[in-house]
Amino acid sequence: MQNAKDTFYVTLQSRLAALNSARTIVVRGVVRPGTLVEENELPSAGVSVDAFCLQWTGLQMNSAGPLPLVAMECSIQYATDGTPGSGGMDRGRMLAAMDAELAAAIGAEPHAVAKMNYSAAEAGSAPTAMGTNVFWADPVFSAATAVGERLERTSTVLVFAYQEAGEL
Amino acid sequence: MSDLVSATGAAARATDVLLRATGGRTVMLRMPAPAVPTDVNEQLGIATPAFQDIPLGPVVYRKARATVAEGKAAKWEMLVSATVVENLVGSLTYASASVLFSAAYGVLSDDELLEIVSATQEQVFGQPYVYRLVLRAPLIQMA
């Protein structure tokens, strides 16, 4: 399961960065593409605005086939305050831009990539490809919510993968 | 007179004296090492950063007891000398105190790591003289 989560995150991050390379966040002093997995970062009370924050929520497993099929729900939260220069009046447009970027990144073909094993790789070396694919459905967008001057939305995606023998 | 007070940082020094006189102590500010650029292992939670504990003092807990509500983690309020914060911001080359505290992982006090929930400052003549940190106890200690 962890390999599927890692593969989906890396794929989504690279697709989003290709669509809009200007969307970045600063994490511990380093600028990187504006996508992160919450459970992989240091605990923080702060909310990352103008970035996509992935949370792995639901999990189902179907053991009927030769390999167990795992269905994982990925909740992608994003929020924006708009730009200070426009007094936040463009926050609707900023949220719409994030909606479009996310829809394009997840909806782009192919809807499947080879599952990669990142944990076995040494630092700086390439991950190893596994025997099965990770594939996903179209995103489902929730209603936008306004918290003060902030607009937020959560999109959920079902990510599927086969659990290979010996895989964590 | 007001120019003299603002230019010399008298308010910050007076606050330092007050903090020390009211039982000021030293705690440790736990800072994570900067992230490694383009290291996907850190983004995947495989590699974890090193931490550095930096002395922070004088500080005083505003109340002797934590604020406790059922089902929520205990919260503490800590007053921190602006002098030491300004020195840290300069020596660690952070843009501001707010960036320093948002980058910090927590405050180590009596072997207990408290998360920084918020950091605000009090000013006189535009100069901060004390910082107020709201700290949260670990969830494992929840009432």
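The radius of gyration is taken here over C-alpha atoms, and the globule rule is 2.2 Å times the number of residues to the power 0.38. For the 168 residues of chain A that rule puts a compact globule near 15 Å, and the 17 Å of chain A agrees with it. The structure is a predicted model, in which local features need pLDDT of at least 70 and side-chain atom pairs count only at pLDDT 80 or more, while totals for chains, interfaces and linings use all residues. Residues are numbered from 1 along each chain as its sequence is written, and chains are lettered from A and ligands numbered from 1 in the order in which they are written.

**Chain A**

- Chain A has two helices and ten strands, where helices (H or I, at least four residues) and strands (E, at least two) are DSSP runs numbered from the N terminus.
- Along the sequence of chain A, these elements follow the pattern α-β-β-β-β-β-α-β-β-β-β-β.
- The C-alpha trace of chain A spans about 55 × 35 × 30 Å along its principal axes.
- Of the 168 residues in chain A, 26% are buried, a residue being buried if 20 or more other C-beta atoms lie within 10 Å of its own, exposed if 12 or fewer, and partly exposed in between, with C-beta atoms placed from the backbone.
- Among the contacts in chain A with a separation of 6 or more, 53% join residues 24 or more positions apart, two residues being in contact if their C-beta atoms, placed from the backbone, lie within 7 Å.

- Six strands of chain B close into an antiparallel barrel in the order S1-S2-S3-S6-S5-S4, where two strands pair if DSSP finds at least two bridges between them.
- The twist from one strand to the next averages 45°.
- Strand S3(B) is antiparallel to S2(B), to which three bridges join it, and B:Val59 stands opposite B:Val80 in S3(B).
- S3(B) also pairs with S6(B) in the antiparallel sense, over seven bridges, and B:Met78 stands opposite B:Leu133 in S6(B).
- S3(B) is largely enclosed by the rest of the structure, because five of its seven residues are buried.
- S5(B) and S6(B), the latter covering residues 127-136, pair antiparallel over nine bridges, and B:Thr120 has B:Arg132 in S6(B) as its bridge partner.
- Helix H2 (residues 10-21) of chain B lies across S2, S3, S5 and S6 of chain B and runs at about 40° to S6(B); axes are lines fitted to C-alpha atoms, for helices over the stretch in contact, and angles run from 0 to 180 degrees between N-to-C directions.
- Helix H4 (residues 82-91) of chain B packs on the sheet, where it touches S2, S3 and S6 of chain B, and its direction makes about 80° with that of S3(B).

**Nonpolar cores**

- The largest nonpolar core has 30 residues, of which B:Val59, B:Val80, B:Ala104 and B:Leu133 touch the most other members; such a core is a set of buried Ala, Val, Leu, Ile, Met, Phe, Trp, Tyr and Cys residues joined through C-beta atoms within 7 Å.
- S6(B) supplies the largest share of this core, five residues.
- Another core, of 27 residues, lies apart from it and includes A:Leu16, A:Met94, A:Trp136 and A:Ala161.

**Interface**

- In the contact between the chains, 18 residues of chain B meet 16 residues of chain A.
- The largest share of the chain B side, three residues, comes from H3(B).
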